[in-house]
Amino acid sequence: MRKLLLGVALTLACALPTSALEAPRKIVDYDIQVALDPETKLVEGAETLKWTNASDVPVGELRFHLYWNAFRNDRSTFFKESGGQLRGDKADTGKGWGYTDVTSLKWDGVELVKGARFESPDDGNPDDRTVLVVPLPRPIAPGETATLAIAWKAKVPRVYARAGYVRDFFMFGQWFPQIGVYEPKGRRRRTDSGWNCHQYHANSEFYADWGDYRVAVTLPEKFVVGSAGALVDTKTAGGRKTLTFKQKSIHNFAFTADPRYVLVEDVFDPAKDIPADEIAHASKTLGRSEADLRAGFHKVAIRLYLQPDHRAFDRRHIEAQKWALAWTGLWAFPYPYAQISIVDTPEDGLGATGMEYETIYTTLSLKLLSHWPLDRIYLPEMVTIHEFTHGYWMGLLASNEFEESWMDEGINTFTEFVMVDRKYGAYLKVPPGIGFLDQEVNRAQAALSQDHDPIQAYAWKYATGDSYGRNSYPQPGTTIQQIRLLLGEEAFWRAFRGYAERWRFDHPTSEDFLDAMRASGDPHVAALIPKTWYGRGWVDFAILEASTQPDDGFMGFDDADKPVNFDPDPKKKPPKKPDEKNHKGPWQSLVVASRDGDIEMPAHVVLTFKDGQKVERTWDGAGGWIKYRVTSSSPLVKAEVDPDHRTVLDRNPWNNARYTKKYEGPSAAAKGRTYTLHLVEILLSTLWGVL
Amino acid sequence: MSVTLSGLSAALRHRRLAGVLWLSLLASALLTWYPMKALFAIFDEGAFREALVKGWDGWGMLSFLLTQRHEIAIAEASIAAALLAFALLQIFLTGGVLRVLVDGRPRPVFARVVAESAGLFKANLWATGRFALTALFWGGLLVAAPVKLLGKLGKDAPPHTFLPDLAFWWAIVVGAIVFLNVGLRFDLARIALARGDARNARGAYRVAKQRLSGRRASGIRIILFWLALGAVVQAAFTSAGLQINPHTDGAVAGLFLFRQAGFFLLAMVRVGFWAALLVWEERRRPAYSVIGSASGGTTWKSSEPMAASAAASARPETGSSVTTNGSALLSS
């Protein structure tokens, strides 16, 4: 009865809040001890897990993620789906396998591991060992907290997919037996309570409950260790050391170890590191005072674990990190943790690069990019900004990356290109003045690539890995940008920040984000969402026809059958056509604009005349086409639909304009041909150095 | 006169010869003209015309690259064809260029270069084949194999530490040394063919080996100097060309002429290089040399320098069997 009352109380407390949480609802509490033998790559671990049943129903079994079993053999679902390679890195199938074996799992002193079994809820793969199901001798009552003692052994895989080792570099991500998520009714719009514990897939990331972590890592003294937590204790004995870290209010715990790390420390100081123009811009756009926006900012310790050959990148990463802390603090909410750790992975361990964990992430440095002229390529900065900001869309708004990967990757891609373009301009720069904006690169990958799926799908259910990539990263990022352009700056950013603040420390769904975007009532946004998030909608504006000709006045028979401006005598020659060059007007022009695809979007149509006059019309995009007939004193030279390229989803922006023969401006084709001819000549002339 | 000054002086004097080389460059590049015309037609029909006339448009160019894949593939094929044509043209023309330089008569040039080149083409082609094989052999033996070995030794070494760095720099430095050595012998072999010191590639390579004996470093210095000079000319004109960013059709035509002037200058550098190498080779010729070994017998001939006019009068306008030991360059 007592348990039942507790359960009811807890369920009430855990019911979906109508406003933002100040802190997460903690479901788990981990106390982990782990020892690493860097020679054999073997790990021994023990954890005490306190898990609370936050639902209103008893739970009769527990489910655990054993992610490293994805690297156990070539029969795992991860290996089968990935083919043993991820993002260009290949598995070392010689000796790079890894695993996690739970050797003991006790609840109230009762050993449960013998009754445990592996299940593959997603694909039924009998060989997959990434989800462990543990039947319980009695159900855990609603609100009850079970304390479990778990022991396990593991072997670190050679890194090709996020976690693993290369030489003495270790990245421990998703490394311990982690309990799945038992979602109570109402969480993420669920209609009934149940486990959400998916297998580890090639194209999926993670989902977990909030909690506190205390992790003690034992390893040789020479190692420098960075982690998601704050170091609270150090003990050394017999050439080994035990470092104890603590972190509250996170939903995973990652750490890294490498004897070669150079630790670079800095502090984000909001008094100095928030750019004045950015806070002024945010204040105006969001309609909040600067003092209001500054509230909640605090100093953040930045720890950069740098490879010794990447010293040239220390300031680059730190400056990018500070900018990201300032930007996200203004446009979402201030970063709540006291520290952030940046892990610079070695160049022979790029499989670990570009991965986010909470309060710690891995970034990219390539020595090649430290030298002129490649130092103008801001790829390292982009990766730092991208991975840190995952800490918001995966971390602080703890979305389910298995089922809604776009909520992390897509929103993050959007905020990444906003941040990168604002700070660095073109991030792929080739002198002089030639480069691409991050937004343009993402837009090209989204609008101009093949699509086979909607944005929203389970991560492993996209047609191909490329389709997962497109629909998780650039397509949602670009579609959010499209919504921004439709709503306007103020409405969009207020909705965006509102969403971030509302779902901080919670678990939002796609519909929660989309509701925030729909709230303004813009019909085009409302129409766009189902076509893109749940469909394969597309749009292509074009000018189908643009012509202009002299209007020589009335010609033919009038109502009284009198010939006007012509002689009906068949023996006489018809009058010569008037000379267009000397025609003083008026002119008759015809323009046909079209919108192909199933996304209805509004667009401007601009007609430009030879005398410089412009006629601008707004077309609501309804119907497949619109026709304009214009009489003007000057000939039409150009017709253009969406001249400012505001339809960022436009599949072919090149057909958005047409020129008439009356256009006398310079030729871009001649310029392009000339430059290319020179490029070919440069290429050919290099043979003079050989032949 | 130093070798370098001789080269510079010849480059200035033999402008028509440089013109032939420049024409070969332009003609080869123009093979891409029609595919490029088709590729870039959309620039004048599409939405980015005015933006591209003004300068760069990132979104325009990205979307152009992604929406015009078919046209780009055709243009790429035409570039490959141009590369092949230019390579063959250079193999063809080098013999004639060298003969004209040996003669020292700055004109008439075009017909002579073509005629002399035709006579030497087969031997030059064989020499090029041998160059490719030797480059592959020595590159494999002295560059690829050691780099692979260093890679194995440094398999577990962190990036950018001693062994991986050594492998990288070995590939760059030893690769360059191998290339320069193999290239220098190839160049000297072609000189031997042009001078008539040998009738075929095999004999020419043997003569080249004799010329190189003990003097490789100074020969390589010549190559490096002229390569560097060419790189400076190329970089200067490319950089200036990009800065120009023409906004009118007239300015585009002006840019075209400006860049052609740059390529013409580059061709002059090429002529200067050959002239300098000829002078260097001339100074390394023995008092008596073996010629005509390919004919089966051995003919000994005096190698006294000849005056330009004498050299010219001694040689018919065409034919590959002419032998001469003198150089007008030396006496100029």
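**Strands, helices and the interface**

In chain A, strand β8 (residues 117-118) and β9(A) run antiparallel and are joined by two bridges. Strands here are DSSP E runs of at least two residues, helices are H or I runs of at least four, and both are numbered from the N terminus. Two strands count as paired if DSSP finds at least two bridges between them. Opposite Leu132(A) in β9(A) stands Phe118(A).

This is a predicted model, in which local features need pLDDT of at least 70, side-chain atom pairs count only at pLDDT 80 or more, and totals for chains, interfaces and linings use all residues. Residues are numbered from 1 along each chain as its sequence is written, while chains are lettered from A and ligands numbered from 1 in the order in which they are written.

Back to β9 (residues 131-140) of chain A: strand β3 (residues 59-65) of chain A is joined to β9(A) by six bridges, again antiparallel. Val59(A) has Ile140(A) as its bridge partner there.

Next, the open sheet in chain A. Its eight strands come in the order β7-β6-β10-β2-β1-β16-β19-β18, with mixed pairing. Which strands are at the edges? They are β7 (110-111) and β18 (230-237) of chain A, each pairing on one side only. Within the sheet, β1 (residues 28-37) and β16 (residues 211-220) of chain A are parallel, over eight bridges. Gln33(A) is opposite Ala216(A) in β16(A).

Now the helix pair. The axes of α8 (residues 405-424) and α9 (residues 438-447) of chain A come within 8 Å and cross at roughly 145 degrees. Axes are lines fitted to C-alpha atoms, for helices over the stretch in contact, with angles from 0 to 180 degrees between N-to-C directions. From α8(A), Thr413(A), Glu416(A), Phe417(A), Val420(A) and Asp421(A) meet Asp438(A), Gln439(A) and Asn442(A) of α9(A).

As for the two chains, 58 residues of chain B are in contact with 52 residues of chain A. Contact means C-beta atoms, placed from the backbone, within 7 Å. On chain B, helices supplying at least two residues each to that side include α6 (69-103), α10 (216-244) and α11 (249-283).

Last, confidence. The predictor gives the complex an ipTM of 0.89 and a pTM of 0.91. Chain B averages a pLDDT of 87, and 86% of the residues score at least 70; pLDDT is the predictor's confidence in each residue, from 0 to 100. Over residues 289-332 of chain B the pLDDT is below 50. Where pLDDT is low, the predicted coordinates should not be read in detail.
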